[in-house]
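Reader: I have the sequence and the coordinates open side by side, and I would like to go through them with you. Could you start with the terms you will be using?

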Amino acid sequence: MSRRFTFKGGIHPPHSKAQTARLSIEVFPAPGKVIIPLQQHIGAPAKPVVKRGDRVSIGQLIGEAGGFVSAPVHSSVSGTVLSVGPFPHPMGKQVIGVEIENDSAEEKQLLSPLNKPWREAAQGELIQMVQAAGIVGMGGASFPTHVKLSPPSNKPIDVLIINGAECEPYLTADHRLMLERTEDLLTGVLILKKILGAKKCFIGIEENKPDAIKLVNKLLSDSLYKDVTLARLGAKYPQGGEKQLINAVTGRQVPSGGLPMDAGCVVQNVGTAVAVRDAILGGIPLYERVVTVTGPTVKNPKNLLVRIGTPIRLLLEACEVDFKATQKVIMGGPMMGIAQSDLDAPVIKSTSGLLVYDKVQPAIREYPCINCGRCVAACPIHLVPSRLAKFIEKESIDEAMEWNIMDCMECGSCTYVCPSKINLVHYVKLGKFHAQAKRAAATNK
Amino acid sequence: MINQTITKTENGEKKLASGVEKAKFQLNLSSSPHIRHPETVPDIMRWVVIALCPALIASLLFFGWRAIFLTCVSVSFAVLTEFIITRLTGKPKSVGDFSAVITGILLAFNVSPILPWWMMALGSIFSIGVAKMAFGGLGSNFINPALAGRAFLMACYPAAMTSWSAPQGIIKGTLSGFDGMTSATPLAFFKTAVRDGSIANLNFQDALMNLFVGNVGGCIGETSAIALLIGAIILWHKKIIGFRIPFIYIGTVFLLFWLFNGTGNLLSQTAIAIPLFQILSGGLFLGAFFMATDMVTSPITPGGKVYFALGCGILTFIIRKFGGYPEGVSYSILIMNLFVPLIERYTRPSIYGKVRKRG
């Protein structure tokens with residue numbers, strides 16, 4: 001078989017994907033009401049352009065971007081705006097959002113189309129459409145895609161990497177997308193490649209998805225995709241992290257404190273590539289996405305195509321979650337996902353999965369650190385997490401900074417392997433918070 | 001009022017989106033990651049105990065039931081000491097993590113099978129009470145507790161600690177591993193043979209086999225190289241020890257004794273037999289596989305382990321060749337334990353993205 005790419009470090013949690021890997025994406029019917037937050041991306045929140053009583057269509061702009069590093073927000077249903085105000089947000093806090101009542105008319109309003117084939121469009125025109133469609137990183141990072149596609153001219157990009165790793169256990173949304181919308185994905189890849197002017201393009205897929213690898217490889221044999229190669233990745237967490245993906249596929253390292261463009265690369269999730277294709281070819285803004293609903297207390301797990309703004313409770317009920325046995329609901333994957341407190345929180349652009357758990361892992365350490373070094377072996381950034389945690393415990397922020405705490409990507413690999421069940425990544429998050437507070441206090445003096 | 005404080009149901013008073021009757025249930029909000037590898041500290045410790053069992057069985061075969069008795073004394077007093085101290089200081093009970101059991105076994109493995117039982121008990125109390133608990137318990141000790149106990153006993157009862165017996169268990173043999181040489185343990189015998197020049201005439205073949213199997217005099221757990229190797233394989237399989245420390249430690253001792261074998265050349269049979277003899281005796285296998293690899297007292301950094309093992313190897317060579325003691329494993333490891341914080345500071349792994357730029 002072809003060459004296998006991987007990186008140093010990482011862990012091998014059980015994949016737990018068998019439940020949903022073979023389930024085709026089902027369209028989840030639009031709910032009676034949606035709550036669409038105006039902040040579903042990194043950057044400035046969108047500003048509302050509708051108010052109570054306004055009639056909106058699917059795909060209509062309801063929030064304009066709050067700056068360059070921001071993204072517009074569109075309605076995912078047609079109907080009437082019920083209110084604009086604070087609503088529960090899956091990230092835990094309350095965020096201004098738009099509540100819309102669905103009139104079930106399914107009226108659509110699309111973006112103004114490109115008046116020429118995309119191959120003849122200028123780079124700027126394509127980026128503008130991506131921006132107008134409100135596309136953000138669908139892998140979970142939710143960084144505004146048009147910003148990623150506009151690196152400054154002193155950072156030339158020669159490699160585009162499409163992220164089909166989906167390294168988190170349980171999640172299969174990207175896997176199904178690669179199987180069911182393969183041609184659209186590859187069209188999206190070509191569009192992204194054109195926008196960036198990248199000479200080479202890799203599609204990285206973990207080897208625990210052999211059917212996707214086979215299918216994509218087959219389609220890539222067409223001469224249309226002569227500069228696009230499939231990179232078979234070792235199935236390891238966090239292979240899907242940008243830095244690890246770049247290192248595995250190209251051997252380069254993103255410099256500490258830098259961005260992928262500093263290594264001449266841009267990474268885009270497969271879902272983002274499909275969304276870009278839909279926007280450019282179909283004028284469709286981002287208002288729905290695939291979500292994997294699974295976990296030990298789900299009787300009927302599914303991969304669902306869900307409208308943005310759907311309360312997560314509806315998805316859980318549709319998949320017959322045993323609520324009495326459920327102790328935790330997580331948005332995202334089990335390694336970096338966020339535990340949900342409010343089931344009325346909506347699905348947002350970065351919701352790749354909803355996991356429901358019956359058992360909860362220890363929150364407090366059970367044993368002292370025995371210096372076993374498993375965390376050092378697991379860390380994909382090659383830090384010494386046990387040492388960082390000890391520094392934070394003593395509140396020696398300076399020493400923690402010296403041992404590179406700020407380079408931590410908070411993937412959780414260290415915490416997964418720790419036999420003492422110390423929540424190392426939590427200490428690091430706390431330490432970073434203190435470091436930033438200290439820095440802010442110093443600049444304010 | 002009472003219900004409000006006891007059960008925090010999610011979504012207190014908010015209106016339902018779907019109109020379905022809301023089930024009362026609690027949602028845990030602890031932070032990511034939400035899954036953990038099942039292995040815990042007691043799991044690791046238990047595997048170490050299992051890995052020490054081949055050597056324990058070997059000690060029974062060669063030294064008889066007294067070896068087992070002494071091991072039991074050592075383990076009991078270790079566990080008891082830890083239990084009493086945690087109770088007296090009001091700290092949470094820690095004996096369940098099995099680390100005291102390991103210290104007990106390792107300390108017993110480091111003493112002669114004819115040591116008086118009360119000395120064994122004292123050594124055990126010192127190992128746990130002083131070398132471990134006084135510094136904060138598991139994870140806070142800076143030297144290997146079993147080796148600290150051994151050093152304590154050597155200082156207090158040097159005569160008893162250097163009184164040996166030849167294997168008189170089910171398998172019988174000579175003290176030194178050499179036929180007819182009954183006066184000293186292998187390394188002590190070796191030292192005198194070097195001094196009086198008879199080293200070149202020795203028949204190493206049988207002695208090496210005796211050393212490998214364990215048919216020699218010495219400490220309870222240190223004599224059978226093969227039993228210790230089996231234990232090491234178990235620990236490698238479970239990823240509890242790595243390859244760096246044992247191989248570099250043993251390799252360094254071998255290399256130094258080969259280069260400085262005293263016969264004047266490097267390729268004669270004696271020239272190879274001498275370093276082999278050295279690594280198979282004096283508890284080097286026990287030290288390299290089970291004590292230098294002790295997680296708490298060895299460097300956590302991969303590069304640090306290399307320097308640590310090198311230091312142990314060089315010190316063991318120096319003590320054995322030039323020092324007054326015939327063997328130097330326990331002191332080498334104890335001395336290198338002291339350098340661990342320094343070694344760790346200077347061997348931090350180079351992080352992803354440091355300095356290296358594009359291409």
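Author: Let me begin with contact: two residues are in contact if their C-beta atoms, placed from the backbone, lie within 7 Å. This is a predicted model, in which local features need pLDDT of at least 70 and side-chain atom pairs count only at pLDDT 80 or more, while totals for chains, interfaces and linings use all residues. Residues are numbered from 1 along each chain as its sequence is written, and chains are lettered from A and ligands numbered from 1 in the order in which they are written.

Reader: Into which domains is chain B divided?

Author: Chain B has domain 1 (41–161) and domain 2 (186–346), with bounds that come from an automatic or database domain assignment. Taken over C-alpha atoms, the centres of domain 1 and domain 2 of chain B are 22 Å apart.

Reader: And how many residues of each domain of chain B are in contact?

Author: On the domain 1 side there are 33 residues, and they are in contact with 27 residues of domain 2 of chain B. Helix 2 (41–63) of chain B is one of the elements that give two or more residues to the domain 1 side, and helix 2 of chain B gives the most, with 13 residues. Helices (H or I, at least four residues) and strands (E, at least two) are DSSP runs, numbered from the N terminus.

Reader: What classes do the residues on that side of domain 1 of chain B divide into?

Author: They divide into 25 nonpolar, seven polar and one charged, where Ala, Val, Leu, Ile, Met, Phe, Trp, Tyr, Cys and Pro count as nonpolar, Asp, Glu, Lys and Arg as charged, and the others, Gly among them, as polar.

Reader: Switching to the two chains, how many residues does each give to the contact?

Author: Chain A gives 65 residues and chain B gives 44 residues. Among the elements of chain A that each supply at least two residues to its side are helix 8 (312–318) and strand 16 (328–331), and by class the side of chain A has 33 nonpolar, 19 polar and 13 charged residues.

Reader: Within chain A, what is the strand order of the open sheet of five strands?

Author: The order is 1-12-11-10-13, with parallel pairing; two strands pair if DSSP finds at least two bridges between them. Strand 1 (4–5) and strand 13 (265–269) of chain A are the edge strands, each pairing on one side only. Strand 11 (residues 200–206) and strand 12 (residues 228–233) of chain A pair in the parallel sense over six bridges, and F202(A) stands opposite T229(A) in strand 12 of chain A.

Reader: Why is strand 18 of chain A largely enclosed?

Author: Five of the five residues of strand 18 (residues 353–357) of chain A are buried, so this strand is largely enclosed by the rest of the structure. A residue is buried if 20 or more other C-beta atoms lie within 10 Å of its own, exposed if 12 or fewer, and partly exposed in between, with C-beta atoms placed from the backbone. Both faces of strand 18 of chain A are covered, with G353(A), L355(A) and Y357(A) on one side and L354(A) and V356(A) on the other.

Reader: Which residues are bridge partners of L354(A)?

Author: V293(A) is one bridge partner of L354(A), and M331(A) is another. Strand 14 (residues 288–294) of chain A runs parallel to strand 18 of chain A and is joined to that strand by three bridges, whereas strand 16 of chain A pairs with strand 18 of chain A in the antiparallel sense over four bridges.
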